[in-house]
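This briefing covers a predicted model. Please consult the sequence and structure below while reading the points that follow.

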Amino acid sequence: MQAHALRLNPGDDLRAALDAALKHRGAEAAFVVSGVGSLRGACIRYAGAETAAVLEGDLEILTLSGTLSPDGSHLHISVSDGAGQVRGGHVAPGCSVRTTAEILIAWLPEWHFAREQDPATGYAELMPRSRKT
């Protein structure tokens with residue numbers, strides 16, 4: 001495992017920037033270990049929902065975690081608004097960085113992450129494979 005700290009800038013799309021970091025590195029497997037910062041609005045898909053909810057206004061990122069793979073990311077976030085109300089769910093495109101996002105990524109060079117359709121869940125699920133075998 002190799003750790004890397006990443007700082008995103010105002011206007012960056014959180015999800016797109018993480019996908020781009022994976023591609024730029026040429027990696028096939030990574031975890032987002034931690035993330036803090038702020039957003040100017042967010043798109044978050046709540047559990048069981050078909051589409052993402054749009055949250056407007058300034059938000060603080062309380063937690064960010066998930067997996068990065070060439071087949072797509074699976075990221076969860078919790079954010080709080082100016083009144084301290086917390087919401088969380090799946091990160092969708094449209095989470096725009098307000099001032100900064102500070103993210104710790106763990107690269108896994110000996111692994112390959114793929115997403116394959118799972119008939120039991122109906123979703124493309126993570127299929128981690130060791131590159132050593």
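**Aromatic pair**
- The structure holds one aromatic pair, a pair being rings of Phe, Tyr or Trp (its six-membered ring) with centres within 6.5 Å.
- The ring centres of Phe31 and Phe113 are 5.7 Å apart and the planes meet at 85 degrees, so the pair is edge-to-face (planes over 60 degrees apart; under 30 counts as stacked, the rest as tilted).
- Distant parts of the chain are linked by this pair: Phe31 lies in strand β2 and Phe113 in strand β7 (residues 111–118), 82 residues apart.
- Strands (E, at least two residues) and helices (H or I, at least four) are DSSP runs, numbered from the N terminus.

**Exposure of the two rings**
- Phe113 is buried, at 3% relative accessible area, whereas Phe31 is partly exposed, at 36%.
- Buried means under 20%, exposed over 50%, and partly exposed in between (1.4 Å probe, protein chains only).

**Helix α1**
- The twelve residues of helix α1 (residues 14–25) should span 16 Å at 1.5 Å a residue, and the 17 Å between the end C-alpha atoms agrees; the expected span is 1.5 Å times one less than the number of residues.
- Buried residues of α1 are Leu14, Arg15, Ala17, Leu18, Ala21 and Leu22.
- Their cover includes β1 (2–8), β2, β3 (53–68), β4 (74–80), β5 (86–91) and β6 (97–107), with contact meaning heavy atoms within 4.5 Å.

**Basis of the values**
- Residues are numbered from 1 along each chain as its sequence is written, and side-chain values use heavy atoms, leaving out hydrogens and water.
- In this predicted model, local features need pLDDT of at least 70 and side-chain atom pairs count only at pLDDT 80 or more, while totals for chains, interfaces and linings use all residues.
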